[in-house]
Amino acid sequence: FLLKKLAPPLSLALKVMAPKIAEVEAVIEKSMHLSRAEEEEERKEKRQAKLEEMRVMEKLKNAREGLKVVRRRSVSLMEECSSTISDYYKSIDTKDLSSHIKSRFDAWDADHSQALDVLEMTEALAAMGKRPTPDEVAMLMLRVDKDGNGKVELDEFDHMVRESLNLHLESCWCRMCEAGRKAAAETEAAEAAEAARLEKEAAKAAKAAAAPAPAAKGKAGK
């Protein structure tokens, strides 16, 4: 009886609520669809990021391999050039070496700029017996040009020759060696000063320890 009595209002309520229920279901379905689309987009972005990371790693690997090749070629080139320079200058007496280096440097310095550019360096090497490629000259310039101005000054050229002849660089007057000697002298002086200070403090501490302790002062208690 109760169910029969409630059936008509329940049926009416369901009819009234049906559009709202459908609307809610549609919203839920749309939300689920959007969620799936967002998840797929996120997965796609992750895949793209992973691929990009793999491409970058491959480029880095190739760059490292390229640097190794360049480094090996640079070392090989320096050995070849050192041999060429050594053969060219080895017959010169050591005491006449500086003047001979300057004489040849001035001859190869075609524009009288007091520095050898790439073309002049190429001609200098050719005169010494090696005809390098442009890439080889560029690599050599990077090694010899210590101040990075794109040219080789006389002191840098002199340093290169002495290094190729395996001469002790204590006699080299180039800026790099002079700066190295100055830095070494300053370090040595600083270390000597610090050692003297520590020795003085140690002597002072030893003297203080050897001195007799002062007699205690005070009145005897009654």
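Modeller: Let us begin with Lys-102, whose relative accessible area is 41%. Buried means under 20% and exposed means over 50%, so Lys-102 counts as partly exposed. Please keep in mind that this is a predicted model.

Colleague: With which residue does Lys-102 form a salt bridge?

Modeller: The partner is Asp-106, and the closest N and O atoms are 2.8 Å apart. Asp-106 is likewise partly exposed, because its relative accessibility is 36%.

Colleague: Why are Asp-106 and Lys-102 separated by about one helical turn?

Modeller: The general idea is that an α-helix has 3.6 residues a turn, so residues three or four places apart point the same way. In this case, Asp-106 and Lys-102 are 4 residues apart in helix α2, which means about one turn between them.

Colleague: How many salt bridges does the structure hold?

Modeller: There are 8. One of them joins Glu-194 to Arg-197, with 2.6 Å between the closest N and O atoms. Both residues lie in helix α6, which covers residues 175-210, and they are 3 residues apart, about one turn of the helix. Glu-194 is partly exposed because its relative accessibility is 36%, and Arg-197 is partly exposed because its value is 38%.

Colleague: Which residues are linked with Glu-194 and Arg-197 in a network of salt bridges?

Modeller: Glu-201 is linked with Glu-194 and Arg-197 in that network.

Colleague: Are Asp-158 and Arg-162 buried or exposed?

Modeller: Both are buried. Their side chains meet in a salt bridge of 2.6 Å, N to O. Asp-158 and Arg-162 belong to helix α5, where they are 4 residues apart, about one turn.

Colleague: How many residues of α5 are buried?

Modeller: The count is 10 of 11, and α5 is thus described as mostly covered. Among the buried residues are Leu-154, Phe-157, His-159, Met-160 and Val-161. Just after α5, Asn-166 takes a positive phi of about 55°.

Colleague: What does Val-161 touch, not counting residues up to four places away in sequence?

Modeller: Val-161 touches Ile-85, Tyr-89, Leu-97 and Ile-101.

Colleague: Where is Glu-136 found, and what is it in contact with?

Modeller: Glu-136 is in helix α4. With neighbours within four places in sequence left aside, Glu-136 is in contact with Arg-73, Leu-77 and Lys-130. Glu-136 counts as buried because its relative accessibility is 11%.

Colleague: Finally, which residues form a nonpolar patch on the surface?

Modeller: Val-24, Ile-28 and Met-32 form such a patch, and together they have about 260 Å² of accessible area. Met-32 is placed in helix α1. Because its relative accessibility is 42%, Met-32 counts as partly exposed.

Note on methods. Residues are numbered from 1 along each chain as its sequence is written. This is a predicted model: local features need pLDDT of at least 70, side-chain atom pairs count only at pLDDT 80 or more; totals for chains, interfaces and linings use all residues. Side-chain values use heavy atoms; hydrogens and water are left out. Contact means heavy atoms within 4.5 Å. Helices (H or I, at least four residues) and strands (E, at least two) are DSSP runs, numbered from the N terminus. Buried means under 20% relative accessible area, exposed over 50%, partly exposed in between (1.4 Å probe, protein chains only). Patches are made of residues with over 30% relative accessible area and no salt bridge: like charges are joined within 9 Å, nonpolar side chains (Val, Leu, Ile, Met, Phe, Trp, Tyr) within 5 Å. Accessible areas come from the Shrake-Rupley method with a 1.4 Å probe; for residues, only the protein chains shown count as cover. A salt bridge is a side-chain nitrogen of Lys or Arg within 4 Å of a carboxyl oxygen of Asp or Glu.
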